[in-house]
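Hi,

Here is the structure I promised to pass on. Have a look at it first, then read my notes below.

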Amino acid sequence: MSLCERMSSEKIPGERFRELLWSDLGALDPDKYIIATYLAVIGPYPPKRVAEEAAIENSTGTWTPVRYETMEIRERYSAKIVGLVNARENAYVIQLAINGENYDPETGGLANLLADIAGNAYDLMYLERLKLIDLHFPKSWASAFPGPKFGIEGLRELTGTKEYRRPIIGMIVKPNLGLDPKTVAKAAYEAALGGIDFIKDDEALVNPKYCPLDERVVRVMEALDKAKSETGKMALYAFNITMDRQDKMMEAADLVQEHGGNHLMVCWAYVGFGGIRRLAEDPSVKVPLHIHRCGHGALSRVPDHGIDAVLISKLGRMVGADEMHAGAIEGKFHYDPAEMRRHMTVFRCEWYHIKPTLPTLSAGNHPGNIAPSLDIVGNDVMILAGGGIIGHPINTTAGAKAMLQAADAWMKRIPVEEYAKTHEELAAALKLWGVKREWVARVMAESG
């Protein structure tokens, strides 16, 4: 007999045990349960039984009844199925109410929670694919997470954009690897002369021997101080301290701050939510946190498997991201317009006590393609460009000015081509890269 036939017809011991897995959402204490929403592709198996097995795997039970899981334990601590809806053929939205008492938000936190509710269920043989779409947290659980220290308004203060609320414009130092500290500082200085708000290390650069972090911090901050003396504006610089060991990461955070560094950066996927939280909640860290999401596609890009990209953004805000990447729109990476709008919502909506996170768009941005991006996401956003600034045909300073000019054109509702007639830096950028997607076709043609 096949597994499907057994699941459909076999008399399972203790049907009352299975009945305890089902509940009405309205009958549960809203301040006690975490609501997890999944999309489950189940193939030919009975949907009700699949939902039950997922609830069992994601809480108190295992593949067979055991003597220590009493009725009382299952009734109080098991996941409750509060929704089962057919989304399409062989695919169902399953909602589970998870008792928040099972996990201590102060110590186990998201690591403990996700290891359970986004853990072994992915390996269940009757689930072809599974995607964790969303998590709703009760106030009692969310209160353990202070969230961003600065948030959007704090970053507006630091960048001097609180009154004139244009998009915050930043640069990524390129090439990604291979530069020595002196050259990194030179690039930062040139961008700062152009009035840029923010500069950052590439996600690949942390502490190679040819560009050690300590020397890089000293040289970059000296360069930015020099630029400030000439322009009156201090740019933020996010130094990448992505490291395996949290103790070493904290040492690096101290080093950056001791040398006058004003911003930190880590890569979410391989530092983890716990690493971000360690930095965000430590009182010794007094600068904002820039969170790169490189690697998220390994979990999120398949539409019906993994963890939803927007949920990753939501959890990033929860653990303390002052800024966090949401991909690009008119750039070089995969983009979905509905998903981008959802990112903007989870970053910026009112959510308990947690400050909004500044969404960051990066990957292929240049002065000719930011207007359609801003039309979608609005002005409370950071736009980053690497090649779109450093690759400017005049120089890096002109590249920074061109990006700022493009942002000003959008704020004034002037077409970028029109604005370029009186701004030579912007005109040179548009001549090289074009407007909107024209550059994509050219690059693809040149690459064969």
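Let's start with rings: those of Phe, Tyr and Trp (for Trp, the six-membered ring) pair if their centres lie within 6.5 Å, and the planes count as stacked under 30 degrees apart, edge-to-face over 60 and tilted for the rest. Ring pairs of this kind join Phe137, Trp141 and Phe145 into a cluster.

Before going on, a word on where this comes from. It is a predicted model, in which local features need pLDDT of at least 70 and side-chain atom pairs count only at pLDDT 80 or more, while totals for chains, interfaces and linings use all residues. Residues are numbered from 1 along each chain as its sequence is written, and side-chain values use heavy atoms, with hydrogens and water left out.

Back to the rings. The count comes to 5 aromatic pairs. One of them is Tyr45 with Tyr126, an edge-to-face pair with 6.2 Å centre to centre and 80° between the planes. Tyr45 sits in the loop between β1 (33-41) and α3 (47-57) and Tyr126 in the loop between α5 (109-117) and β4 (129-136), so this pair ties together parts 81 residues apart in sequence. (Helices, H or I with at least four residues, and strands, E with at least two, are DSSP runs numbered from the N terminus.) Both Tyr45 and Tyr126 are buried, which means under 20% relative accessible area; exposed is over 50% and partly exposed is in between (1.4 Å probe, protein chains only).

Now for two single residues. Where is Val206? Look in the loop between β6 (198-200) and α9 (213-231). Val206 is buried, at 15% relative accessible area. Leaving aside neighbours within four places in sequence, Val206 is in contact (heavy atoms within 4.5 Å) with residues including Cys211, Asn240 and Ile241.

Thr397 belongs to helix α17 (residues 396-411) and is buried as well, at 17%. A polar atom of the Thr397 side chain lies 2.7 Å from the backbone oxygen of Glu190. With neighbours within four places in sequence left aside, Thr397 is in contact with Glu190, Leu193 and Gly194.

Cheers

Note on methods
Polar contact = N/O pair within 3.5 Å; in protein donor to acceptor, adjacent residues only side chain to side chain.
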